[in-house]
Amino acid sequence: MKITGIELRRIAMPLVAPFRTSFGTESERDVLLVRVVTPDSEGWAECVAMSQPLYSSEYVDGAAEVLRRFLIPALPAHPDAHRVHRALEPFKGHRMAKAALETAVLDAQLRAGGQPLASFLGASADRVPCGVSVGIMDSVPQLLDAVGGYLDEGYVRIKLKIEPGWDLAPVRAVRERFGDDLLLQVDANAAYTLADAPHLAKLDDFGLLLIEQPLANDDMVQHARLATLLKTPICLDESIESAEHAAAAITLGACSIINVKPGRIGGYLEARRIHDLARAHGVALWCGGMLETGIGRAANLALAALPGFTLPGDTSASRRYYATDITTPFELRDGHLDVPTGPGIGVDPVPGILDEVTTSTEWITL
Ligand SMILES: CC(=O)N[C@@H](Cc1ccc2ccccc2c1)C(=O)O
Ligand SMILES: [Mg+2]
């Protein structure tokens with residue numbers, strides 16, 4: 001497959017409501033899309049990096065720059081996703097940028113071959129159960145209204161963002177209002193330290209599915225220690241940036257569940273490696289979200305349909321984040337989203353909508 005050229009396109013996507021986490025509040029996403037053009041097909045991918053390096057060290061301008069200066073020039077003459085993965089390995093970090101480039105090449109190659117991403121990855125389902133991530137709110141009543149609304153839409157699992165000062169009270173209120181059968185978990189986005197262990201242990205009273213990334217992304221040993229102090233299973237997100245990290249976390253006992261985000265770990269090939277590793281060790285997986293548009297959402301659904309993804313993920317409907325998605329919107333039906341069946345990621349941006357949200361586009365000839 002000979003690549004003719006690559007487009008780096010930036011779009012501005014207003015969120016339906018501000019989304020607050022322990023590391024900040026987001027009201028609009030500045031998204032980098034990568035389009036790979038070949039004589040036979042085009043491939044699309046979404047870079048999940050945020051505008052600022054608050055979730056991880058990557059940020060969208062930096063991702064565009066490292067793609068333009070280093071990653072795209074390093075592409076082999078006739079790349080496929082595996083060859084791209086190997087060609088980019090010498091470059092350290094920048095996994096979200098690498099993931100976007102590899103995925104766009106993978107999409108182009110699968111579309112040319114007529115194979116859906118789900119089939120390529122080894123999916124075993126044609127629809128996936130969906131959870132929803134609920135931000136930190138101004139008050140508990142406001143939170144309860146938001147949770148009630150998502151449950152009315154059919155979400156099968158609720159995830160609450162927490163931080164010091166907003167943890168026990170909101171969790172207790174949701175449990176009291178919606179009962180003990182509600183699948184409920186929390187995500188601290190690394191807001192606590194091991195000194196908070198006695199406080200975090202109080203969450204054990206609420207029968208949570210898991211507590212996600214309570215400590216810093218590089219606190220692998222500290223998470224292993226915390227795991228001995230909590231009944232609630234620990235799930236890692238920011239800490240797991242590769243299959244090696246996953247192996248280290250499993251070996252150390254730092255987590256018993258992993259939130260897999262292909263953007264964070266460097267692409268769908270690496271995500272499948274983590275899937276196979278986790279299954280071998282009895283570690284449960286679920287597919288996380290980075291507020292993707294339909295382009296990233298479509299690819300994540302293919303991954304979430306693999307057999308080792310045994311917990312509902314954050315693959316929410318398009319309307320959770322966007323009034324108008326750049327693809328045909330993903331809509332929740334009986335708490336599930338359908339896995340796209342078309343070749344590659346199975347969706348395309350709607351041209352008119354894409355042009356409306358485009359803030360810049362750059363063409364790189366190979
Ligand atoms: C659905 C969910 O909670 N995602 C991330 C956090 C997150 C929060 C805000 C974001 C804003 C812009 C881009 C990515 C973002 C990711 C998480 O699981 O930790
Ligand atoms: Mg998380």
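Predicted model: local features only at pLDDT ≥ 70, side-chain atom pairs only at ≥ 80, totals over all residues.

What is the shell made of, by class? Around ligand 1 there are nine charged residues, seven nonpolar and five polar. That shell has 21 residues, and those that come nearest are S133, K159, K161, N189 and G289.

Now the polar contacts. In K161, a polar side-chain atom sits 2.8 Å from an oxygen atom of ligand 1. For S133, an N or O atom of the side chain is 3.0 Å from an oxygen atom of the ligand. The side chain of D187 also has an N or O atom 3.0 Å from a ligand oxygen. As for cover, ligand 1 would expose 440 Å² taken alone, and the protein buries 99% of that.

On to the loop. N189, one of the residues that come nearest to ligand 1, lies between β7 (184–187) and α7 (197–200). Its phi is near 45°, which is positive, and N189 is not a glycine. A190 is in the loop between β7 and α7 as well, and this non-glycine residue has a positive phi of about 65°.

Are these two buried or partly exposed? N189 has 7% relative accessibility, under the 20% cut-off, so it counts as buried. A190, at 27%, counts as partly exposed.

Conventions
Residues numbered from 1 in each chain as written. Chains lettered and ligands numbered in written order. Heavy atoms only, no water. Helix = DSSP H or I, 4+ residues; strand = E, 2+ residues; numbered from the N terminus. Buried < 20%, exposed > 50% of the residue type's maximum accessible area, 1.4 Å probe, protein only. Near = heavy atom within 4 Å. Polar contact = N/O pair within 3.5 Å; in protein donor to acceptor, adjacent residues only side chain to side chain. Areas by Shrake-Rupley, 256 points an atom, 1.4 Å probe, with all protein chains shown as cover. Nonpolar A, V, L, I, M, F, W, Y, C, P; charged D, E, K, R; others polar.
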